[in-house]
Every structure is written in structure tokens, then in C-alpha cells.
Amino acid sequence: MMGGLDRNTNTRSRDYLEGMLSDYVGGKGKGKPQKSTSARLVTALTCLQFAFAVYATFLLYYMSPSIDLRTKPDFTWATKIAQQWKQYIIPPHIIGHYQDSASLVRLAEIQPITPSEVCEHEKIDFEQKKSSDAQMIKLKTELYHEVLDFQSKNIGTETLAQLMAMKSKWDLKGPNRPKVTVILNHFKRKTLCAQLDTLLQQTLPFHHVWVLSFGSPNELSLKRIVDSYNDSRISFISSSYDFKYYGRFQMALQTEADLVYIVDDDMIPGKRMLQILSHVAGTEKYKNSVLGSIGRILPFRQKDFTFPSYRKFRSKEAGLYLPDPAYDITLDKIVQVDFLSSSWFLSAELIKTLFIETPFTFSTGEDLHLSYQLQKYRNAGSFVLPVDPKDKETWGDSEHRLAYVSETTVIFKDIVQVRDDQWWKALSTGYITQWAAMHPQKIDALFYAHSVDEVKALAPLLAKFRSTVGKKVYIAVSGGNFCPCEDAATALRWPKLVCNERRFKIFDLAVGALSDISNSEVVVLQGVYASMKGLIKIHNPSVVIAVADIDPNVKKTLKMATDTNGNGTTLVLLPRSSVSKVLWMADLRTTALPNWNRMRISVNIITQNRVHSLTRLLKSLSDAYYLGDEVPISFNMDSKVDEATIRLVSSFEWPHGPKTLKRRIIQGGLIRAVSESWYPSSDDDFGLLLEDDIEVSPYYYLWIKYALLAYHYDPQVSLPELSSISLYTPRIVEVVKERPKWNPTEFFKNMHPNTPYFHQLPCSWGAVFFPKQWREFYVYMNMRFTEDAKKNPVQIPKSRTNGWQASWKKFLIDMMYLRGYVSLYPNFPNQASFSTNHMEPGAHISAKDNVVKHDKSDFEVPLLKEDFRNFLPGGKLPPASRLPSLNLFNMPVSLKGLKAAGAKLGQDVIGCNNTTEIVMVDHQTGLPARCARF
């Protein structure tokens, strides 16, 4: 039994009476009873038996759980009845014998025990330890000031006077006075009396004090001390089993108080501590916090990127103990720490957070585990309060030398190792320490794998990132039964030791261990979310990468974790089959990666009556890699579309996004069919335009996405001239009358035979157009369209496009020439491309009014069937500044030179300086706005 009720005088009288009966019945009476006496005895015993039955019934009733045992029941009525009957059944000489004995017992028990008789005190016959190591004093003081300066600028730090001036929900003298339960845990130290004395003198009275004795060899003496104070608010709770450090927090779960103050046996708080702690805990800023008087700041990262032990000697990076009398570090302002030691003051509601996750060990580390869990699941901080150095009543630790009176477990080597492992585990699962807050990291990617198979699927991309100069990536695994760290390391061909190093590389979240006996996914999802949220906040990855077929609930959890931090991290979910196809992802700048999901590329097909061509195009589109992106597809049909085409597009299944069918009522012709097939809905909406005799490479979408991320979505790249991305590499110079053959691989061999290049010519055989320039094109064509091509005011010197009629491309060429726009073109061996034109009869090819003869070999190019990354210079897209640019006639001209040529022509919709200015437009409307220097 953990506690008990004191037996009162009436209880002792019952023992006395029962003892007399026992002796008499047992034959201890001296005289032989007569026959009449025996009859009287039987009658009396029968009555007495009945009385005791009634007495026992009432006793059981009062002992039932529904009765408050703190109110001691009064059984004097039963005792009085028994005493009235005793003269009938017990001879006087036996009564006298027991009265004498009972008097001795009563005398011994009634004598009051005072604290002065039972209290013991620790002998402190030594001075406070002081360091004489000047270097260490300097290092520790510097680190303390660095921490304080950082917190002052970021969260604000207050002095004790400022804290007490803050508005608090708790009022010392008013009706809203808090109830505080104080829990004292004692084992061997002789400090209980000192603690109780100061608690009884607090300026804010406590509600209850619970003195705990778990497995203590001093249990009896501790109980005598508690009894000696004779205060109903002070209770003694003991157990022969040692619940160690977590037992006191388990007991705290039972309190009905508002606040809990858990105090180690080496802490003697000043008389104002309950008042100060309660006031601060009632402020808006610190209500979701745990407060204390001693704390520790965990280690900082060393120059070799490892973390030292928190007990490492002569190391600044080992962290801080605050306050630290040994180094003359006192606190005049509140300081946030990584965990508190020796005392904890917090809302009773927060206590339960300690037990969300199973502790790393029950043998030590409850202090760190509490702060870790509070931050991870409640966003609660841990703070050490400042003191008034002139007023010891404001100190939570008024006699720090008590900490040195007897040894503590934290000085033993094996315990230090356990605690080192514990705090590293916390940091590896999202605990934002003061080092992490002061030194926010920036990495390129954080991979997450929920199973070993997922680790294997992501391994190629992870390896590419890690082998790319300047890239920094880590991987987090679920741990436990789902994906143990050691198994993940083996799958990655890493030594298993990486799971134990205090160096960032792989994070074992141990969420699998949370659900060993649970059939609910809630525990796992909570663990993944809380850990990943912390890791993302610490390391600020540009992207979090996982496989697309990860558990749907985990997928949602990862999305929540990336969105919650608001630091620009993007969740990238890759189909397993695409992982090896996007190794170029590691070559993108860190600033470009967060835009991975930003663009929306739609496929817009122009078709009418070439069902066989369309079938081929649709198959090639279906066979391409889309990286799990949503890709809408639309079919744009003129009024004369045939039945076979309608049936085909209606039955076509497109798993990558919505499908839209559009059919004109009045025949519009190719110029309207193409130009009206797509219009951007936002600046991130890009349109791929394909006529039905085009066929695409399986890698076409990867090329578009890579190029957009490298040249359009990288904030470090300024390329306003880029208006489209071509899938096709031309074999002839299209705008020259003779249409000479042209091979870019040969043309650029001195630079790099396969370098991509900018070209002033837009592509009509497979290209993605940019939203801003397409809006601009709409307005431009509307202002310049004429039925008679000869009346078009734009006449580009020596260009055969001047005579083109009914061509949307002619107007786009004019606009690009006048304003200096370019398109990005691929350049691979044998002019292999991401699209090809099969030159099948249509609106232009083999048309009756088209006198130009077309050689199919001049237009049909091979499709790229392998990873194009292998052909690029250095295996990646070159910097934009190193890409060559060509004018309309395939002659090398700088981007500035292209603008100069357009300005010189001077035939744009508004007049500008023909030497230094070109037309600028409002990119939201596409309307020309002004002239601007280039």
C-alpha cells in the first residue's frame, strides 16, 4: 500500500477490547466461571457478535471507493456500545490488566512528533566549485552570449522584472489563484525538511505536496518526517519498487491541480518561486512552456561535421549548463534551453505529452525526453527563468552545492553514453535544438523511404545527388519493423555504422516501433509527421523526395509536413520506373528544385481526319515518362472532323490528367485551329502544341521539364528572351528560299557537338510555348492579321516567310524577330529529337496551292530512345550564359544583337527608337505597353 491512514484513539480502544476478549476466551481468566455466569456469557457474546457484525458492515461501507478517505470516519458509537457490555462478560481483574497495558501504548502513540526531532540535514562543508581554466571560461561565456544574442533578436528575452510585469492569467490574491501540486522525489539525500520548510513559506501557497519514495532505503525516516509536519496537504507516497525518474511524472498525471512543480531532492527553491513560476506560466508567451531553474543547451556541430559528447571536456561545441556557477554564468534574462534539469514547472495538461513515445530508456533521460516530446508534439519550449542576484527568494536553486553532496548518475561513463545516444536520436528525429535554431541548414533534398523496397527504388537518384559536387542530401527512413536503419544502409551499400554516427546522413525515425502492438495507422502517421516536420525545419531541403506509390496516408502526412513549415520545401513523388530517368534532377540548382511541381504542361492536339496519324501520336504520348505529374490533354477538331477520329478521341484513355474535346462549328482552318487550341490560365501554364502527324519520344516530357527548371524556374537565371522550347531539331534552314541543309552537331562541333542552342525560329512540329509570350502573340496576331499576306506591314529582309499566307507561324516569327525572342532547341547525334514530323498530307503538305516540294528526309528525324543526359555537355544542361544563339537565318548572333536587328527593322505595333528600344508588353494581357531600352 503506497500510503495509509493514521489509526486514532478509538481504533486503539477497539484493539484493547478485542485483546481482552481473546485472552478470556483463550483461558487466561483466573477464576472458574459458574454455571449462571456461563449463561450470561453466551448471551453477551451473542449480542456482542451481532454488534460487531453491524460495526463491520459500516466499516466496509466507509471503506468503499465512493467515500473520500481523506475524511476519517468516526466509529466511536460502536466502541461505546462494546464498552457498556464489557462488564457483563469480562472480569474486572482482566480489564485492569489490559487498561494498564493500553495506557502505556497510548502514552507512546499520543506523544507528538515534531520536525525538529526527525529532520536531518546535509552537511555542506565545502565551497562552490569554481573553474580556474581561463580558456574554458572564455569559451563558455562566448557561447552563452551568442545564444542570448540570438534569442534576444529572434524570440525576445526578458528580465525577471519584465516577466513579472507581463499580464498573466493567474492572480496571487484574486479569485483566479492557481492550484499548484508540488512533487518531491526522494531517495537518499537529507533535504526533505529543507524543501518542506521553504514550500510552507511560499508567497503563493501550494495546493498539495506529494513526497515520493520509490525503492528508497530511507522510506521509514521520510515517512516520519512527513508525519511530523501534520499537514493534510502533504502526502507521503511510497513503493518498494523503484519507478526511477519517470515515476514522478506518472504520478503527476493524477493531479487535479492547474500546474505541477516537480522538484529533485537537491533543489531548495526560494520562497517566491511558486509565485514567479505561476505568473510566468500564465502569460500568453510562456503558457505553452515548461519552466525551470537549471537547463542545458546540447552540443553544436564541430568543424568535422560531427557532434561531440555533451560532457566533452574543454570543448565549446559541447554545449552549456545554465546557470553555471563554475564559469560564473548567471542568468539575468530568461533563456530557452534544450532541456531542463532538477525542476520542471508546467501545466498539468502538458504532462501527458511525455508518454506519447516510448522513452529511449527508463534508466535516465526523462529531462531530455520531456522537452523533446513537448516541442515535437506541442510546439512547447523549455525555459530557464532569470533570478534577482540580490534576492535568494527568487532562486529555484538556492543551494547549488547540494548537487555535489552525492554522486548523480550523469557522471558515469555508461550513462553519459546513453544520454549522448538519446539526444542524438532526438536531433535525428526532428528535435530543433538551439544549435539547429541558430544555424539553419540548407540542403538540396531529403529522401523519405517507408520500406526497404522504397530505399532500393530511390537509391540511384540518392547516389547521383551524393556524387554531385556541391550537393547535400540525406535520407530519412521509417525505422522499426517498417524499415530498420541497418537494413536501409545495407540496401544503399553503406556501412551499418552510419546508423550510430553522430553525423547527418541517415535518419531513423523509429516510427515503426510505435505501432508494434497497434492496428491503427494514427500512431505511425503522427510519428512521421512530427519527425519530418522537425527535420524539414532544421535542414530546409529544397525538395522532399519519395516514391509515388508510398502508403497513401504517409503521402498525405509528408505533404502536411512540407506545407506546414512554409519554407518553400516541395514534396516530389516519383514513380519507381521514372527514378533512374530523372538523375538530371541532381544537376539543377538548389533554388530551382522547389519549383518542381509549379509548372503545368498541357498537351494540345490539332486533328481532323488523319486517324492513323493520330493513333500513332497517341501511342507515343502514352509510352512517355510523366514523373507522376498531372498533364491535361485536349483534342481540337475542326468542323470537318471525320467519324473515325471522333470515335478514337472519345474512347482514348488518358491516365495522366483531364481530357478535353473541342470541336468547331464553322471550319476555321489551320491558322485558327492551332492558335486557338490553347490559351494559358496562369503564368505557370505551358502549352505543348502537336499536329496529328507528329510523333514524340518517350523522353519528350523530361526534356521539357528539365529545360523549364534549368532556364525558366531558376531564380538565378534571367532569360526573358526565351519564349518556347522545341522538341524538334531542324535539318534545313527553313526561311531561306533555297532551304539549304543544316546540321547543328557539325555547326557547333568546336563548342560542343551536342550543345542545345537558342534559335529565333519558332518550331511548329512539337514545341512548348510560354504563357506570357503566347498572350503577347494573340494580341500581336490580332493587330497584324490580314487576308492578303502582301499587305502585312512586317517584311523581314531576305525571309521567305514574307509571302506565307494563312500561317500562324508567320506571325509568331515576325513577333519574335521584332522583339528578340528565341526558342530552345535540342541537338543530338544524327539530329535525333524528342519529336518528328512524318510529313503526311494536310493543310500545307501536298496542298494544291502549295508549290513547294517537300522531301520527307529533310523533315523526318529519328526519335531519341535513350537517356538524353548522356549526350549533353558534361552530362547536363549547360548554363544559360554559355548557350549559343542563332538568328532567323541560322547565323550566330548574341541575344542583344537579335534585339538590335528587330529594333532596326522598326515595324512593330508601336514606334520605338530604332537603335536602342523594343516594344515591352503587359504580360498579363499581352497588350503593348511601352518602349524599353535593351
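I looked up C485 and C499 in this predicted model and found them joined in a disulfide, with the sulfur atoms 2.1 Å apart. The torsion about their S-S bond is -95°, and I noted the link as left-handed. I placed C485 in helix 17 (residues 485–491) and C499 in the loop between helix 17 and strand 14 (506–508), 14 residues apart. Both C485 and C499 are buried.

I then checked C483. Its sulfur has its closest cysteine sulfur in C485, 8.2 Å away, which is too far for a bond.

Next I searched the whole structure and got three disulfides. One of them joins C119 to C193, S to S 1.8 Å. I put C119 in the loop between helix 5 (115–118) and helix 6 (134–154), and C193 in helix 8 (residues 192–200); the two are 74 residues apart. The torsion about the S-S bond of C119 and C193 is about -90°, so I recorded a left-handed disulfide. C119 is buried at 18% relative accessibility, and C193 is buried at 1%.

I also looked at C912 and C931, which form a disulfide with sulfur atoms 1.9 Å apart. C912 lies in the loop between helix 27 (895–905) and strand 28 (917–921), and C931 lies in strand 29 (residues 928–933), 19 residues apart. With a torsion of about -80° about the S-S bond, I wrote down the disulfide of C912 and C931 as left-handed. C912, at 19% relative accessibility, counts as buried because the cut-off is under 20%. C931 has 24% and is partly exposed.

Last, I numbered the bonded cysteines of the chain in sequence order and read the pairing as 1-2, 3-4, 5-6.

Definitions and conventions. Residues numbered from 1 in each chain as written. Predicted model: local features only at pLDDT ≥ 70, side-chain atom pairs only at ≥ 80, totals over all residues. Heavy atoms only, no water. Disulfide = S-S within 2.5 Å. Helix = DSSP H or I, 4+ residues; strand = E, 2+ residues; numbered from the N terminus. Buried < 20%, exposed > 50% of the residue type's maximum accessible area, 1.4 Å probe, protein only.
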